[in-house]
Each structure stands twice: as structure tokens, then as C-alpha cells.
2 protein chains.
Amino acid sequence: MNQTQDRGSARRNGPVTRPLVNTVRRPSTVDLIAVELRNAIYGGTLMPGSSVREAEVASQLGVSRGPLRESAQRLVQEGLLVARPGAGLRVVTVGADQIDDLYQARLAIESAAVRQIAALDPEVRRRHIASAEVLFDALESALEDGSDARRIGDADLDLHYGLVEATGNLRLMSFASTLIIQTRIAALSHADGYVVRTDILDVHRTLLRQVSDGDGQAASETLAGHFRQTVDRLLGRLDKPFSTVSGEADGSHFSFNRLP
Amino acid sequence: MNQTQDRGSARRNGPVTRPLVNTVRRPSTVDLIAVELRNAIYGGTLMPGSSVREAEVASQLGVSRGPLRESAQRLVQEGLLVARPGAGLRVVTVGADQIDDLYQARLAIESAAVRQIAALDPEVRRRHIASAEVLFDALESALEDGSDARRIGDADLDLHYGLVEATGNLRLMSFASTLIIQTRIAALSHADGYVVRTDILDVHRTLLRQVSDGDGQAASETLAGHFRQTVDRLLGRLDKPFSTVSGEADGSHFSFNRLP
DNA sequence: TACCTGAAGAATGTCGACAATATAACGATT
DNA sequence: AATCGTTATATTGTCGACATTCTTCAGGTA
């Protein structure tokens, strides 16, 4: 699996948290390692529940255990890793009892995002959601191409992150990034995490329409309904998905890029 | 200044982020140091913009630089510290250009919280907001006692955190804790950060009433209006505060508790 | 057979030391 | 006088090694 670290293709590996203060300065080693770890989790290289042996990962990254441990604490703070004293690091598992809280948190962030965008002046609003519409097209293409569920899920999450990104609020972006990676972890945790609803396009088309129409309240409700359906499906509470495409989790072992 | 680390009086030092997974296990050293650092920032011992020299703080905590650096990375992830390569750690400053985003983020979290609580069944709802009402009484007492602006601000922030805590959503609680500490940082950054509006009681009384009445939409709008006024005041855009109480920032130097 | 006990192994937690870098002070120059 | 370049100091960044803790597995016992 190709873990790239250049910024250009960062989107392909999912959203990435950037430092809150956006000044010009070269990224620290801790930054680079943290990005690498997040990508490894998001990309399925580090599977949920698997233990992260420091010496092993550190040597693969070409660094010592010190910087690796510092980076790991960042992911611990994000809730992507858990550290049991003496027992080391593990990738979190998002259990069924966490799904509700996770999507409530996503609703908090993303609902606020669409409300905020919808409240903008029509002109700037159009400019801000332009990139989100590109991501919607990407989702449409992924569905038309008959991509596997995993790739469709990527496009879905990218779109949701893009909406938050459109606010330009670094705090919201940081929160959204964390929650979306946790969503990915939940999908990787459950066997049937990757199932695609056929109405996914309609929902998101409606969502974007409502945002661009300036109706934040409606967009927020669309989002709430969408999340509620998703939670119900993940919890097996309701109707079965309309179309199911099994996604394969490539079981390739660790393969990081050594840091320069 | 008394930095206590027992859980009982944690509220006095402000909200504290706890690990996302709530299992029984002794806190790691990194946890303890991180709590100590957050309290030092929240309590004004580490002032915004001040540099955090690793060796100095580490020796005061009775630990080595290694664990301290790991803990610091947690606060970096939270946006409470910034780390410039080679130049070390500094406490963040929340500039005027950050106020908007900060309160938008708080609105995202807290608005979702009050909506969520308001949507509960009336009986459980009453039980969940009971602690928040205690915090409201504390705010009322602080105002009646003629406490300084700093203490009133504490009670205010405690109440806001209590509302999020009432959701029981650990993710939202973690976000709220971070944002509230950043709010404190903003207050410590600006000279006139600590001014108290006389209508603060009315606003929060209304807020709690609307939540307990199950009107999440109204509560959310009350919150939005309150934050908008606060931002306008902080940015000096609008009317001057009705009553001003100057808060003193005790300039006492570092004084941590050595970890056991 | 199931459970508890204990020892061996491996991984983590912590520390001290060294190298690399940024900051500050100082002097030279225009 | 102000600015630029240089040097010295202090602090950070990184690493390797050791102490500590958890996990595992073998052995014994009820």
C-alpha cells in the first residue's frame, strides 16, 4: 500500500489535521509521524484493535522511539489510539455502544458547518461550496464506476469533510477530521461496515442543494436524518441495505515510508 | 496558587478532558502531567504566549523531559500549546482574529448539546439537567457575593461545560473542554477579557428554561445570541459592558505539585 | 479438567547524554 | 545610528540504555 506524505495527494488518504495556527513553518518530525500514523489507521494498515509496537513502527519509520511516542500521544488525545500503562498502544475499536455518540458528535460539527455556510452571502456561499460540489461529483463517479464499497466510503467521507472545510474554521476542521477517522475505524471494525445505500446520492444532492439555497435548517435536518438512518443500519435496527458491495480489507502488514 | 490534582476539586480548576474510553485503569503519568499542564494554563499559571521550558517544568513536576514532552504533544493536538521546531513550546494566544472561529466552534458543540438534551424524554431530561441547575445556582451565588470577574467567569464556563457533560457524550465533552480552555486563554490574553454583563443571569436562566421545556431550537438560538453578543463585546464592536469588574491575574510564578 | 501460582520473556516507562538548532548578545560596517 | 554578520549560549531534538511492568506460558493443585 502506498503511503504518500506529500500534501498534494493527502486527500486520497483522507482528511488530515493541520496545526491550528496556520503560519509558515516546516513541519516538525512529530507532525510527520502523526500524519503517517493517521494515514496508516485510515488506510487500514493499522487495523482497529491491533497493538502498535513502538520499536517496530519506529524502526519502520526510521526514527527512534522517543519521537514516535510523542506523536502517538497526539493520536491518543484524538481518541484514535489508546494507551494502557505498561501494555502500550492499541488502535481504538469503535464498538456498537459508541456509534450513537460518534454520529451525534459528527452531527454537532457538520450541522454547524452547513448552517454556517448557508448563512453566508449568496455570492461567497457559492464560492465556498464549489469544492464540495467537486467532491459530490467524485462520489457520483465512484458510484457509476462501480467502485468497491471502500472507495465509495472514501468519497462519502471526503465530501462530509469538504463541507466542514468550506467553513474555513480550523477548529471545526480538526474535530471533523478526528471524527471521520473514527467513522472509518467503525467501518473497519464491523464486518458489514461497508455497505452502500442506493439513496446516498439523493441525500447528498439534497443536502448540497439546501446549503446552496441558504436553508441551513433544512440542511441540518437532512444531515440528522441521514445520520439517523446510518446509525440504525450499523446497529442493525432497521431495514437491510438496498445494495451491498463487500469491501476487502487488504491484510498487508505494516509498510510505512521512511521519513527523510 | 494551589494546583490540586485530586479529582474531587477538579471542577474548581475547570473542566478536564478524560480519556475517551472510560474503563477502570490507573491514570498514566502522561495523563497526570497533561492535567497539570491544562490546569496551569486554565489557572493562569502558564500565561498565554509564555514559553514553556521543558527542563524547568519537568523538574518542577518531578519527572524527566521525556514524559513531559509526550504530555505536551497532547496539548499541542488540543490547540493549547504550539511547538515551533527548535524553538520549543509556547502557550497559544487567541488573537482577535480567532474569536469568531472559537465561538462558532463552541456554538457547534453546545448547541448540539442543548438540542440533544431537549430531545430527551421529559423525565430523564429533568434528571440530566439537574447538575446544570446546580451550576447555575453557583453562578448566581458568585454574582451575589460580588466575586471578582475571574470567579464569575469560572462559574460561567463551568455551567456551559456542565450542559455538554449532561449529554454524557465523551467526544463532545472532550471538544467542549478544549474550547472552554481556549476561551479562558482568550480572556487572559485581552486586558478587557474579564468583563461581566449584568444580563448574564437572565440569559442562562432562559437557556436552562428552554432546555428543560424541551425547546432545543429556542435554546440553540439563545446560545447563538449570547455568543454573538459576547464576540461583539470582545471585539469592541458594540455597546460597552454594563458593569465592569477588573480581574487580577496573579503573576505568581510556576508552582506545580510534584507527582507522586 | 479447570483454576490458580509463579517464573521467563518481551514490551513499555523513564532517564541521562549528546548533537542540532534557534536565540541573543556583541561587534563591525555602512 | 541603524543594520548586518558573527559568535556564544541556551534550549530543543534525538537517541541509546536501563528499570519497571505487563503478558504469556509452564507447572502444580483442587
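**Close-up views of the predicted model**

**View 1. The surface near DNA strand D.** By class, the residues of the surface near DNA strand D comprise 8 nonpolar, 8 polar and 2 charged. The model shown here and in the following views is predicted. In total, 18 residues surround DNA strand D. The closest are Thr29(A), Ser64(A), Gly66(A) and Gly86(A), together with Gly88(B). Among the elements, α3 (65–78) of chain A supplies at least two residues of this surface, as do α2 (54–61) and β3 (88–91) of chain B.

**View 2. The annotated domain of chain A.** An unreviewed UniProt entry places the feature "domain: HTH gntR-type" at residues 27–94 of chain A. In the model, 53% of this span is helix and 15% is strand. The C-alpha atoms at the ends of the span lie 30 Å apart.

**View 3. The strands of chain B.** Strands β2(B) and β3(B) pair in the antiparallel sense over 4 bridges, and within this pairing Leu81(B) has Val91(B) as its bridge partner in β3(B). The two strands form a hairpin with 3 residues between them. In the turn, Gly86(B) has a positive phi of about 85 degrees. Strand β1 (residues 51–52) of chain B also runs antiparallel to β3(B), to which it is joined by 2 bridges. Here Leu89(B) of β3(B) is the bridge partner of Val52(B).

**View 4. The surroundings of Leu81(B) and the nonpolar core.** When neighbours within four places in sequence are left aside, Leu81(B) is in contact with Val52(B), Ala72(B), Leu75(B), Val76(B), Leu89(B), Arg90(B), Val91(B) and Val92(B). Leu81(B) is also one of the residues with the most contacts inside the largest nonpolar core, which has 142 residues. The others are Ile109(B) and Leu172(B), together with Leu81(A), Ile109(A) and Leu172(A).

**View 5. The side of chain B that touches chain A.** Contacts between the chains involve 35 residues of chain B and 35 residues of chain A. On the chain B side, α3 (65–78), β2 (81–84), α4 (96–118) and α8 (170–189) each supply at least two residues. The largest share, 10 residues, comes from α4(B). This side of chain B divides into 16 nonpolar, 10 polar and 9 charged residues.

**View 6. The fold of chain A.** Chain A contains 10 helices and 3 strands, which follow one another from the N terminus in the order α-β-α-α-β-β-α-α-α-α-α-α-α. Of its 260 residues, 48% count as buried. Among the contacts in chain A that link residues at least 6 apart in sequence, 76% join residues at least 24 apart.

Terms used
Residues numbered from 1 in each chain as written. Chains lettered and ligands numbered in written order. Predicted model: local features only at pLDDT ≥ 70, side-chain atom pairs only at ≥ 80, totals over all residues. Core = buried A, V, L, I, M, F, W, Y, C linked by C-beta atoms within 7 Å. Buried ≥ 20, exposed ≤ 12 C-beta atoms within 10 Å, placed from the backbone. Contact = placed C-beta atoms within 7 Å. Nonpolar A, V, L, I, M, F, W, Y, C, P; charged D, E, K, R; others polar. Near = placed C-beta within 6 Å. UniProt positions renumbered as here; feature names shortened; annotations may be inferred. Pairing = 2+ DSSP bridges.
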